[in-house]
Amino acid sequence: MTPESPGTLRLTGVSKTFEDGTTALTGIDLTVAPGELVTLVGPSGCGKTTILRLAAGLIAPSEGELTVTADTTSFVFQDPTLLEWRTALRNVELVGELRHVPRAERRTRALEVLDAVGLADAAAKHPRQLSGGMRMRVSIARALVAQPDLALFDEPFGALDEITRLSLQTLLQDLFARAEFGALFITHSVNEAVYLSDRVLVMGQGRIAAEVAVPWPHPRPPELRYSAEFAAVAGRVSALLEEAS
Amino acid sequence: MTGPTASRSLPGWLTQATSVVAALLGIGLVWTFVSLVVLTPERRFLLPPPTQVLGTLGNPTIMTPMLAALGRTTLVALVGLAIAVVVGLVWAVLMAQSRWVERILYPYAVILQTIPILALTPLIGIWFGYGIPARVVVAVIIAIFPLISNTFFGLTAAPSPASHDLFTLARASRWQRLVKLQAPAAVPSIFTGLRTAAGLSVIGAIVGDFFFQQGEVGIGGLLRVYTLRLNMEALLTAVGLTALFGVLVFSVFAALDRFVVGRWYGR
Ligand SMILES: Nc1ncnc2c1ncn2[C@@H]1O[C@H](COP(=O)(O)OP(=O)(O)O)[C@@H](O)[C@H]1O
Ligand SMILES: [Mg+2]
C-alpha cells in the first residue's frame with residue numbers, strides 16, 4: 001500500500017479560514033489509507049464538515065497540503081438529498097446519467113446496488129413514499145453505485161431513530177467489508193464511530209486531538225456493540241472527547 | 001412530508017362549489033334587496049333586479065355578440081399568456097445564470113410590474129396599432145411578472161445547497177444542472193406563477209379591449225359600449241360573465257397545478 005494507490009486521502013498541516021474570518025481548522029494532519037475506514041468524532045461546530053468538504057474538493061484549504069488519489073469520490077450528505085421528482089431507482093442512476101454512462105448499464109448497476117442496500121422492492125417509489133431510513137439507504141446506494149475508491153459520510157445517520165440507525169450501521173459495515181473503498185465517516189456518536197471504523201479521530205475545536213485504533217476485523221457482528229471490550233474502547237474515546245472539548 | 005390529506009368529509013371540489021353557490025346566493029339576495037327595496041322605481045334602472053338581468057341570457061341579439069366578444073377576449077388572453085410564459089421563462093432562466101445578468105434584467109421586470117398600464121398605452125398604440133396586437137401586448141405586460149419572479153425564485157431557491165454540491169461533485173455541466181436540478185425543482189413555483197398569470201392575462205385582455213378598440217370588439221370594448229348607452233341589463237350580464245370567466249380560468253390552472261405538481265411531488 002503505497003501512498004499513491006487509489007483511495008488515499010492525505011491532509012498535511014491543513015488550515016481553513018473562511019472569507020468572513022472564521023478559522024474552522026488549524027494544522028490538520030490526517031490520512032485515510034486505501035480500504036481503511038476512519039471516523040471523525042467531535043462536538044458540533046468543531047470543523048468536521050469542513051474537513052469533508054475539503055476532501056471532496058468543494059472548498060480549498062487556506063494553508064497546508066491536500067492529496068486525494070481517488071479516481072472516484074462519493075459523498076453522503078447529512079440529509080439524504082434525494083431529488084423528490086425521481087424514483088429511488090432514478091435517484092441512484094443520477095450520477096451515471098450526469099457522467100453519460102449508457103442507460104442500460106447504469107440501470108443494471110443501480111438495480112444491483114439498490115438490492116445490496118435492501119431496497120429491491122422500492123425501486124419504483126418516490127422519496128416521499130419512503131421512510132427516513134429507506135431514504136438514507138437510497139442515498140448510500142447513490143454513493144456506492146459510482147464504485148468509489150473513497151467515500152465521505154457527513155453524519156448520515158444523525159437524524160434517524162435508534163433502531164433504524166443500528167440497522168444502517170450493520171448494513172454499512174457489511175457493504176464496507178465487501179466493497180473495496182476507503183472512507184472518512186463523521187458522526188457525533190461514539191458507539192457508531194467505534195463499531196464502524198478502524199481508527200477513530202477525536203476532534204476538539206478546529207484540530208484533531210487524539211486517535212484511537214479499533215482492533216476488530218470486518219465484518220463485525222452486531223453483538224460486538226454489547227461486549228465488554230467494545231465498551232472499553234468506547235469509554236476511552238468518550239474520555240478523550242471530553243478532554244478535547 | 002405530510003400524510004394523507006383530509007378526506008373525511010366532502011371532496012374538495014364539492015366544498016368549493018358549495019361555497020361558490022353560497023356566495024352567489026348572498027350576492028343575489030343583497031342585489032334583490034337593493035334593487036327592489038332601497039332604490040325608488042325611477043332610480044331602479046341603476047340596478048335592475050336579478051330576474052331582469054338574467055333575462056338577457058335568453059336574448060340572442062344581446063348574447064350572440066357578447067359571447068363572440070368574450071371568445072375574442074379569451075383568445076387575446078390565451079395568446080398573451082402563451083407569450084408571457086415563453087418570454088417569462090426565458091427571462092427567468094437568463095437571470096438565474098449569474099448575479100450579473102440578474103442585476104441587469106431584474107429592474108426591467110420590476111418596471112414592467114410597477115408602471116401603470118395607463119402610462120404605457122400611448123406607446124403601445126403607436127408601436128403596435130390600436131387593434132388586437134396591442135391588446136395582446138397589454139395582456140403580456142400584465143401577466144408576465146409572476147412568471148418571471150416565481151420561476152426565478154424556483155430556479156434559484158428551490159434546490160438545496162446539498163443537492164447543488166451533489167451536482168458539483170458529479171462535475172455536472174451548467175446545462176445538466178439547469179435541466180436535471182433547477183428546472184424540476186422549480187416546477188411547483190412555476191405553476192404557482194402560471195396560476196396567477198392566467199388570471200392576470202384575462203384582466204390584461206379586458207383592459208386591452210378597453211383601450212384598443214380597432215378591429216373586432218372584445219368583451220372589454222362591449223363593457224364600454226354598454227356603459228355609454230347605460231344599458232344596465234347587458235352591462236351587468238357582461239360583468240357577471242367576465243367574472244365567471246376569470247374564476248373559470250383560475251380554476252382550470254389551479255387544477256392543472258394540482259394535477260402536475262401533485263403527481264410529481266405528492267402535494
Ligand atoms: N462557509 C462558511 N463560512 C464561514 N464559516 C463557516 C462556513 N462553514 C462553516 N463555518 C464555520 O466553521 C466552523 C466549523 O463548521 P463545520 O465544519 O460545519 O462544523 P461541524 O461539521 O463539526 O459541526 C463553525 O464555526 C462554522 O460556523
Ligand atoms: Mg457538520
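Helices (H or I, at least four residues) and strands (E, at least two) are DSSP runs, numbered from the N terminus. The structure described here is a predicted model.

Chain B as a whole contains 10 helices and 0 strands. Read from the N terminus, its elements follow the order α-α-α-α-α-α-α-α-α-α. Along the principal axes, the C-alpha atoms of chain B fill a box of roughly 80 × 55 × 30 Å. The chain is divided into domain 1, residues 11-47, and domain 2, residues 61-265. The centres of these two domains of chain B, taken over C-alpha atoms, are separated by 31 Å. An unreviewed UniProt entry also places the feature "domain: ABC transmembrane type-1" at residues 70-254 of chain B. Over residues 70-254 of chain B, the chain is 87% helix and 0% strand, and the end C-alpha atoms are 21 Å apart.

For chain A, the annotation "domain: ABC transporter" in an unreviewed UniProt entry covers residues 9-230. Over these residues chain A is 33% helix and 26% strand, and 27 Å separate the end C-alpha atoms.

Ligand 1 is surrounded by residues of chain A, among them A:Phe18, A:Asp20, A:Thr22, A:Pro43 and A:Lys48. By class, the shell around ligand 1 has 4 nonpolar, 6 polar and 2 charged residues. Helix H1 (residues 48-56) of chain A gives the largest share of this shell, 3 residues. Contacts to oxygen atoms of ligand 1 come from both backbone and side chain. A backbone N or O atom of A:Gly45 lies 2.6 Å from an oxygen atom of ligand 1, and for a backbone N or O atom of A:Cys46 the distance to an oxygen atom of the ligand is 3.3 Å. In A:Thr49, a polar side-chain atom lies 2.7 Å from an oxygen atom of ligand 1. On its own, ligand 1 has 570 Å² of accessible area, of which the protein covers 62%.

The count of aromatic pairs over all chains comes to 7. One of them joins A:Phe153 and A:Phe185 in a tilted arrangement, at 5.3 Å centre to centre and 35° between the planes. A:Phe153 lies in strand E6 (residues 150-154) of chain A and A:Phe185 in strand E7 (residues 182-187) of chain A, so the pair ties together parts that are 32 residues apart in sequence.

Two details of the backbone of chain A remain. Most residues other than glycine have a negative phi, and most peptide bonds are trans. A:Thr81 is not a glycine, yet its phi is positive, about 55°. A:Thr81 is placed in the loop between strand E5 (73-76) and helix H2 (88-98) of chain A. The peptide bond that joins A:His218 and A:Pro219 is cis, with omega about -5°. A:Pro219 is found in the loop between strand E9 (207-213) and helix H7 (228-244) of chain A.

Technical notes
Residues numbered from 1 in each chain as written. Chains lettered and ligands numbered in written order. Predicted model: local features only at pLDDT ≥ 70, side-chain atom pairs only at ≥ 80, totals over all residues. Heavy atoms only, no water. Domains from an automatic or database assignment. Near = heavy atom within 4 Å. Polar contact = N/O pair within 3.5 Å; in protein donor to acceptor, adjacent residues only side chain to side chain. Areas by Shrake-Rupley, 256 points an atom, 1.4 Å probe, with all protein chains shown as cover. Nonpolar A, V, L, I, M, F, W, Y, C, P; charged D, E, K, R; others polar. UniProt positions renumbered as here; feature names shortened; annotations may be inferred. Phe/Tyr/Trp six-rings, centres within 6.5 Å; stacked < 30°, edge-to-face > 60°.
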